Structures are given as C-alpha cells and as structure tokens.
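Thanks for coming. I have one structure to go through today, and I will keep it short. Please have a look at it first.

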Amino acid sequence: MVIAQDSAAVSATASLAILVSTDKHLDHVVNLTTAAFAKGKQVSLFFTGKGVLLTIRPQFKKLVGKATLSICDVSFRANGLHGREEEVPGVTMNDFATQAKNAQMLASANRHLVL
C-alpha cells in the first residue's frame, strides 16, 4: 500500500524554533539541533537570559551551520559578556538581536521548544 503525503502536512513539520533561556543542557540543544538538521528541518535558535552563557562554551561551535543562531543583545550584556561578541562562533554582530527577533522566529516556525 502506498500512502501519499500531503505537501502541507510535510511542511507543517519543516521548521523548529528553540528558545534557550537557561545555561544548562547545551548537550541537548546540540543533539536535538543535529538530529533535526539531519532530517532536513530548518532550525532556529534564540539564546536569551542565562542561555547566552552557552554561546562562549566550546561545544557551541557544533551548532554552526546547522541552525540560524540569534542572541539577545540585552542578555549578553547583562550577563557580563559585552566585548566578547567576537568569541561566539558562527554569528555576526547582526545576530545579536532584540526579543523582536525571538518573536519573529517563533511566529515563522512550525514547532517550538523552550529550554
């Protein structure tokens, strides 16, 4: 038996937005992002609050090329990281954004996860 897939049903799971607001579970973020990317999903990550502390850990570089990376600029500064923007792999100054970027990411994704 052959079951045809509706293209709308396929695209309904085509993107994943992950909001990271904790400085824990980077291994889960990396593993989930890697698995979703391997399945052809578009992954977007937004780091805010204490989550910005993950951006300077060595394992963070495993996310580069597998997801769109955005970092809350206010949180980055509030957590004492101002001046270390160049140390974050895979991002440019344009990737340091406001919560409006977070809202945009969530609005455009089909699935959401908050850590």
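This is a predicted model: local features need pLDDT of at least 70, side-chain atom pairs count only at pLDDT 80 or more; totals for chains, interfaces and linings use all residues.

Residues are numbered from 1 along each chain as its sequence is written, and side-chain values use heavy atoms, with hydrogens and water left out.

Confidence, then. pLDDT is the predictor's confidence in each residue, from 0 to 100. The protein chain has a mean of 90, and 89% of its residues reach 70 or more. Where is confidence lowest in the protein chain? That is helix α1, residues 7-11, with a mean of 46, whereas α3 has the highest, at 98. Helices here are DSSP runs of H or I with at least four residues, strands are runs of E with at least two, and both are numbered from the N terminus. Over residues 1-12 pLDDT stays under 50, and for that stretch the model has 4 contacts beyond four places in sequence. A contact means heavy atoms within 4.5 Å.

Next, the salt bridges. The term means a side-chain nitrogen of Lys or Arg within 4 Å of a carboxyl oxygen of Asp or Glu. In one, Arg77 pairs with Asp73, and their closest N and O atoms are 3.1 Å apart. These two residues sit 4 residues apart in helix α3, residues 73-78, so about one helical turn separates them. Another salt bridge joins the side chains of Arg84 and Glu87, at 2.8 Å from N to O.

On accessibility, buried means under 20% relative accessible area, exposed means over 50%, and partly exposed is in between, using a 1.4 Å probe and protein chains only. Arg77 is partly exposed at 42%, and Asp73 is partly exposed at 21%. Arg84 counts as partly exposed at 31%, as does Glu87 at 45%.

Leaving out residues up to four places away in sequence, Ser75 touches Thr48, Gly49 and Val52.

With the sequence neighbours up to four places away left out, Phe96 touches Ile71, Asp73, Phe76, Glu85, Val88 and Val91.
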